[in-house]
Amino acid sequence: MRVLVIGSGGREHALAWKIAQSPLVTALFVAPGNGGTERLATNLAIDIADHAAVIAAARDNRVDFVVVGPDAQVVAGLGDDIRAAGIACFCPSREAGRLEGSKSFTKALCDEFDIPTAAYARFEDEAAALAYVYAQGAPIVVKADGLAAGKGVTVAMSVEEAEQAVIDCFSGAFGASGAAVVIEEFMEGEEVSLFVLSDGKDILPLTTAQDHKRAFDGDTGPNTGGMGAYSPAPVMTRAQYDEAMARIIEPTVRGLARRGTPYAGVLYAGLMLTGDGPKLVEYNARFGDPECQVMMMRMESDVVPLLHAAATGTLAGHAVAWKDAYALTVILAARGYPGAYGKGSVIAGADGLDSDTLTVFHAGTKRDGGRLVANGGRVLNVTALGASVEEAQRRAYRGVDQIDWPEGFCRRDIGWRQIARERG
């Protein structure tokens, strides 16, 4: 099988890394890829927003199967266009991808199918949104309705912070994604990510993970695309897991199928574990980044048959096996991220660190001759396995400390909640 992975981040490097291990794969391409993917696949320098160019590249390289990574391409309907060209593709349809592309779409689906989530209101007018904030008070959550690279959500602990978040959305801080705003009640609890595969009919549960969105230690600083993650997340009990599957995941998949827009792909539910049970925070219509990195490290099964089955309606009967270990990833980001940051700084020591328990996934990197240079905000994902989260964390930071990149930074406390629980 000749496989093409779409994307250039750490998620796509992790997918390519795992796909490359499959005996089913005879050729692997990544478009556009990064400085890490070029070591295990052929990078294709194409504009992935140009669907015709993607299809042409797939045909030129006799690709049998395309795996789409980024949210923007899901929401833009790249999967639909690839399938229309007669090529199998792991990517939800444009219509099903609205679960991520529009927060108000997901909220309406929750209303229709009685899926537990935060109370909310949607606004297209700044004055009305501000009036709602003033009436509700804080804490409160303000979200740009559309895609915002993981940065369009403000958990406002004061009315002034919520007010600024509303103003930012309507002033164009998130472009068209902020033209509408969803304002939600603040939910008390701990957040966890739950992943499943679906082919539109059947569901194959994958695993749980916990992301760290804030830029700095102690969950302080601005929201980012994610500064680290670990998997699995034991904070979610079996009872909570079963409840989430029965009340959130299954009604969503059944509901979309009933609407005539079946969901085929990976479904990523961000859940809040509240005193009233798990509630949906949001859906993502793709693998998380950096959750994908820890999931691929832990997965024992060949990922290719699973992705292909989800894409082709043949998921029934498949199972997935996991290593009896935790995985933890630490993001090395360019100083200034998630704000303005520089590109082109040289990174030393990242190559050659890989072992049975440690892998460095690249995100914002490229090769410049013999040098590895930074080419994005989140740049490297140092990912380790361990018998506990604490052991995985220790191995990951040992890897981080072998990388020489003065222009980068990372959080030093990834996994802190679970490590505290492990220590008792």
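At what angle do helix α1 (residues 10-20) and helix α10 (residues 291-298) pack, and how far apart are their axes? The two helices pack at an angle of about 15°, with axes 8 Å apart. This is a predicted model, in which local features need pLDDT of at least 70 and side-chain atom pairs count only at pLDDT 80 or more, while totals for chains, interfaces and linings use all residues. Residues are numbered from 1 along each chain as its sequence is written, and side-chain values use heavy atoms, without hydrogens or water.

**Helix pair α1 and α10**
- Helices α1 and α10 are therefore roughly parallel (angles under 35 degrees).
- In α1, G10, R11, A14, L15, W17 and K18 meet C292, Q293, M296 and M297 of α10 (contact means heavy atoms within 4.5 Å).

**Open sheet**
- An open sheet is formed by 4 strands in the order β6-β9-β7-β8, with antiparallel pairing (two strands pair if DSSP finds at least two bridges between them; strands are DSSP runs of E with at least two residues, and helices are runs of H or I with at least four).
- Because β6 (120-123) and β8 (153-156) stand at the edges with a single partner strand each, one side of each is left without a neighbour in the sheet.
- Strands β7 (residues 140-144) and β9 (residues 181-185) pair over 5 bridges in the antiparallel sense, and V142 stands opposite I183 in β9.
- Across β6, β7 and β9 lies helix α7 (residues 126-136), running at about 155° to β6 (axes are lines fitted to C-alpha atoms, for helices over the stretch in contact, and angles run from 0 to 180 degrees between N-to-C directions).

**Residue D211**
- D211 belongs to strand β11 (residues 203-211) and counts as buried at 14% relative accessibility (under 20% relative accessible area, 1.4 Å probe, protein chains only).
- Leaving aside neighbours within four places in sequence, D211 contacts G225, G226, M227, G228, A229, P290 and E291.

Key. Buried means under 20% relative accessible area, exposed over 50%, partly exposed in between (1.4 Å probe, protein chains only). Angles under 35 degrees count as roughly parallel, over 145 as roughly antiparallel, 65 to 115 as roughly perpendicular and the rest as oblique.
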